[in-house]
Amino acid sequence: MLDNFSRSNIAKNIKKLRQEKGISQDRLSKLADLSLNTIVNIESGNNPNPTIETLEKIAKALNVSIDELLKK
């Protein structure tokens, strides 16, 4: 299980990468085949423990490694 620091980093990293690529939350949800609610909850920190499968889908949609999502 990830600690709060790691979780907040995941949320910040996903949001930063998404915005750098000019992708809306809605577009990312479609690219990652996830619900918009899932993306919103992860970015806002309301989803405290996204599954590795979810992180894999987001990483693939953003064309980055999972390491990029998890870095501090």
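Lys30 counts as exposed in this predicted model, because its relative accessibility of 54% lies over the 50% that the exposed class requires. The residue is found in helix α2, which spans residues 25-31, and its side chain meets that of Asp26 in a salt bridge with an N to O distance of 3.0 Å.

**Lys30 and helix α2**

- Lys30 and Asp26 both lie in helix α2, where they are four residues apart, or about one turn of the helix.
- The side chains of Lys30 and Asp26 are also joined by a polar contact of 3.0 Å, and Asp26, at a relative accessible area of 35%, is partly exposed, whereas Lys30 is exposed.
- Between the C-alpha atoms of Lys30 and Asn9 the distance in space is 23 Å, with 21 residues separating the two in sequence.

- Because Glu20 and Lys16 are four residues apart in helix α1 (residues 4-20), about one helical turn separates them.
- Glu20 is exposed, with a relative accessible area of 52%, while Lys16, with 44%, is partly exposed.

**Asn46 in the loop between α3 and α4**

- Asn46 lies in the loop that runs between α3 (36-44) and α4 (52-62), and at 56% relative accessibility this residue counts as exposed.
- The side chain of Asn46 makes a polar contact of 3.1 Å with the side chain of Ser44.
- Although 38 residues apart in sequence, Asn46 and Ser8 have C-alpha atoms that are 10.0 Å apart in space.

**Glu43 in helix α3**

- Glu43 lies in helix α3 and is classed as buried because its relative accessible area of 10% falls under the 20% limit for that class.
- When neighbours within four places in sequence are left aside, the residues in contact with Glu43 are Ala11, Ile14, Lys15, Arg18 and Gln25.

Terms used
Residues are numbered from 1 along each chain as its sequence is written. This is a predicted model: local features need pLDDT of at least 70, side-chain atom pairs count only at pLDDT 80 or more; totals for chains, interfaces and linings use all residues. Side-chain values use heavy atoms; hydrogens and water are left out. Helices (H or I, at least four residues) and strands (E, at least two) are DSSP runs, numbered from the N terminus. Buried means under 20% relative accessible area, exposed over 50%, partly exposed in between (1.4 Å probe, protein chains only). A polar contact is a pair of N or O atoms within 3.5 Å; within protein, one must be able to donate a hydrogen and the other to accept it, and residues adjacent in sequence count only if both atoms are side-chain atoms. Contact means heavy atoms within 4.5 Å. A salt bridge is a side-chain nitrogen of Lys or Arg within 4 Å of a carboxyl oxygen of Asp or Glu.
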